Protein chains: 2
Amino acid sequence: MTALTAVHRLPSAQVHTDFLSATDAARLVARVGVVECVRRITQALEADFGRWNDFDKTARTAAHSAQGVIELMPVADAHDYAFKYVNGHPVNTQHGLPTVMAFGALADVATGMPRFVSELTLTTALRTAATSVMVARTLARPGSHRMALIGNGAQSEFQALAFIDQLGVRELRLFDVDRAASAKLQRNLAPFAALYGVEVQMVDSVHAAVQGADVVTTVTADKRNAVVLDASALAPGMHINAVGGDCPGKTELDAEVLARSSVFVEYEPQTRLEGELQQMPADFAVTEFWRVLSGAAPGRVSDAQITLFDSVGFALEDYSALRTMQALGREAGLLSRIELVPTLADPKDLFALLHQGEDMHQATLPSVERAAWHKVA
Amino acid sequence: MTALTAVHRLPSAQVHTDFLSATDAARLVARVGVVECVRRITQALEADFGRWNDFDKTARTAAHSAQGVIELMPVADAHDYAFKYVNGHPVNTQHGLPTVMAFGALADVATGMPRFVSELTLTTALRTAATSVMVARTLARPGSHRMALIGNGAQSEFQALAFIDQLGVRELRLFDVDRAASAKLQRNLAPFAALYGVEVQMVDSVHAAVQGADVVTTVTADKRNAVVLDASALAPGMHINAVGGDCPGKTELDAEVLARSSVFVEYEPQTRLEGELQQMPADFAVTEFWRVLSGAAPGRVSDAQITLFDSVGFALEDYSALRTMQALGREAGLLSRIELVPTLADPKDLFALLHQGEDMHQATLPSVERAAWHKVA
């Protein structure tokens, strides 16, 4: 028993899981730089969307309640399995919690061993912005420099910075029904606006925001069929980055906006259920974005065309983001460890774990079992 | 900035996640006692299966590879959302890893806040045994005292102890193709066998194990269509607890065994895909066990009837086990904390997190962004 216990306590190189906490993720992003993180994730996304057929894809599972939704988003290639847990509860901000909270993991496909667990609340904001700007760089008119940003909550700074840094946006018009949210966004953007030379203006209506915009980003939180944008707002050549409509019964655009646009999506089977697309007939034509990236389908074909990215968030984006954050976290020395899986001397002898526990707490074992343990020891 | 930062650092009572590590779960089970833990989970299972219609149920998602499978298993009632990550890789034992590794979480349905994250490798073994014995107590013949246990790997001690403690098994016949696994099981059971007065015998064949058994438990790991048990092994009145056939292409029983038995399942849509049932026509009649528990369907109706529990493992069992382990862990003071979700002073201001990070690592910010941050500070 003594010898066996000693073996159990040998450290194993095989069984460990890296962990990136919420605080360490914030430290990491501050250290690397938020625009640099979004750039790195954008690069990973382009590489991963570029090998779309390597992935085992599925629409996420969703548990709906009156207050919100909780989703699980798995995806895998031949080497890595990734999943994200994420909620969407618009009422949360009223009692001090974020609307969206997330965490997730990477595991080895060959063994099922979970190798990395991470916060994904901050990371989701980064990867959503990275996805939006990856698509906009391909679909928006060259020289697009004015963006309307409608919905100025937790995701909005990340969207703004991605488009300033990677698309060259130099005029931003902000609108939110909560004026304090717009003021917060303007305040957070101020130093970047000064650095990049961006004019940031709060406006009083969607119409004022959209007027003259090259890009319109909608990222509102309400879980209902809202009409944040109607067809009267459209202008030739616009690119619409529609981020907020992302589950059944939660949309932002008038159906006519979709009807007048060329619509691009992440993963069609999921977007049909969750995106703005849920408003349209089942045969309404859309293009999966990876086909544009790989040259299999056209993107923007004219300056007058209205392009629309019906973004709902797809598991592959979390795969790319988890791998990027793990690599950055490792370089920065900001990964800790989490003891999620037991280390076993004999993997068929899970029961032996209890002897380890017993060594430490023998005195507190229930009497009926204590008698049994004592005979082993 | 200084005042704002101070606010960010206020602790919040709302945002915290309890954590039960693999080592602390082993400590907890050793402290409470393994048979007592299985009893507590069995009680929770009976209560939760007894309110079956309170739950939002779905078949688990599975990512299959040549080496194994990785699954996500969500379930929710009006208050609690639970999910488990679990793999099944039979080859793992050859390179020192468990066949099955698992972890999971409980979250508030009302907010999506993850409240509890736990190892579930050990806990899965406990809850699988608890589920088996819950079903056997209802379906096995009164006075069943002899059990064949086929497959003597990581799960087998837990199955044996549950049936010894809660069904009154007093004769155990062990068989495994790996004789060392049977020897390990016999060694681990020895003190309990002495305490409860159980005769434990290793035998050389399935036939020798099954001969005269009241209960036959099969819990093998091979990911293939095996025939661990064929119809020649059947005897009137037997209860078969078939645990190992649990994903497409992984079965243990000859189809004729099912044809001659009354078959009970956890959640029919999932078992049709994953259980022994995958061998049978779509209209082969089965009974969901909760209906027996609630009196809506008969269980065993005669002493000669052969009852068969085609167990695949259902998310509700992890819900019950997670809640039980959280309660036991809290009582024992063995829960730690994991910082999975950021604490925000203003939940619409996720970006403010980066200022916290910046305070700590200002000197290492990339130069382009450092200039921007300095204008805020």
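In this predicted model, helix α3 (residues 34-49) of chain A packs against helix α4 (residues 121-139) of chain A at an angle of about 60°, and the two axes lie 8 Å apart. The crossing of α3(A) past α4(A) is right-handed. On the α3(A) side, the contact is formed by A:V34, A:C37, A:V38, A:I41, A:T42, A:L45, A:E46 and A:F49, which meet A:L126, A:R127, A:A129, A:A130, A:T131, A:V133, A:M134 and A:R137 in α4(A). By residue class, this contact of α3(A) with α4(A) comprises 11 nonpolar, two polar and three charged residues.

Turning to chain B, helix α3 is described here through two of its partners, α11(B) and α5(B). Helix α3 (residues 34-49) of chain B and helix α11 (residues 315-332) of chain B pack at an angle of about 130°, their axes being 9 Å apart. With that angle, α3(B) is oblique to α11(B). Here α3(B) passes α11(B) in a right-handed crossing. From α3(B), the residues B:C37, B:R40, B:I41, B:A44, B:L45, B:D48 and B:F49 take part, while α11(B) contributes B:L316, B:E317, B:Y319, B:S320, B:A321, B:R323, B:T324, B:L328 and B:E331. The residues of the contact of α3(B) with α11(B) fall into nine nonpolar, two polar and five charged.

Sorted by class, the residues of the contact of α3(B) with α5(B) are six nonpolar, two polar and two charged.

The largest cavity has a volume of about 60 Å³. Its lining consists of 14 residues, and A:F103, A:V117, A:L340, B:F103 and B:V117 are those nearest the centre. Among the elements that line the largest cavity, β5 (102-108) of chain A and β5 (102-108) of chain B each supply at least two residues. In composition, the lining of the largest cavity divides into 12 nonpolar and two polar residues, with no charged residue.

Definitions and conventions. Residues numbered from 1 in each chain as written. Chains lettered and ligands numbered in written order. Predicted model: local features only at pLDDT ≥ 70, side-chain atom pairs only at ≥ 80, totals over all residues. Heavy atoms only, no water. Axes fitted to C-alpha atoms, helices over the stretch in contact; angles between N-to-C directions. Helix = DSSP H or I, 4+ residues; strand = E, 2+ residues; numbered from the N terminus. Left-handed = near helix turned anticlockwise from the far one by under 90°. Contact = heavy atoms within 4.5 Å. Nonpolar A, V, L, I, M, F, W, Y, C, P; charged D, E, K, R; others polar. 1 Å grid on protein atoms, 1.4 Å probe; cavity = no way out; pocket = protein on both sides within 12 Å on 5 of 7 lines; lining within 4 Å. Points joined across faces, edges and corners; volume = space filled by probe spheres on them. Parallel < 35°, antiparallel > 145°, perpendicular 65-115°, else oblique.
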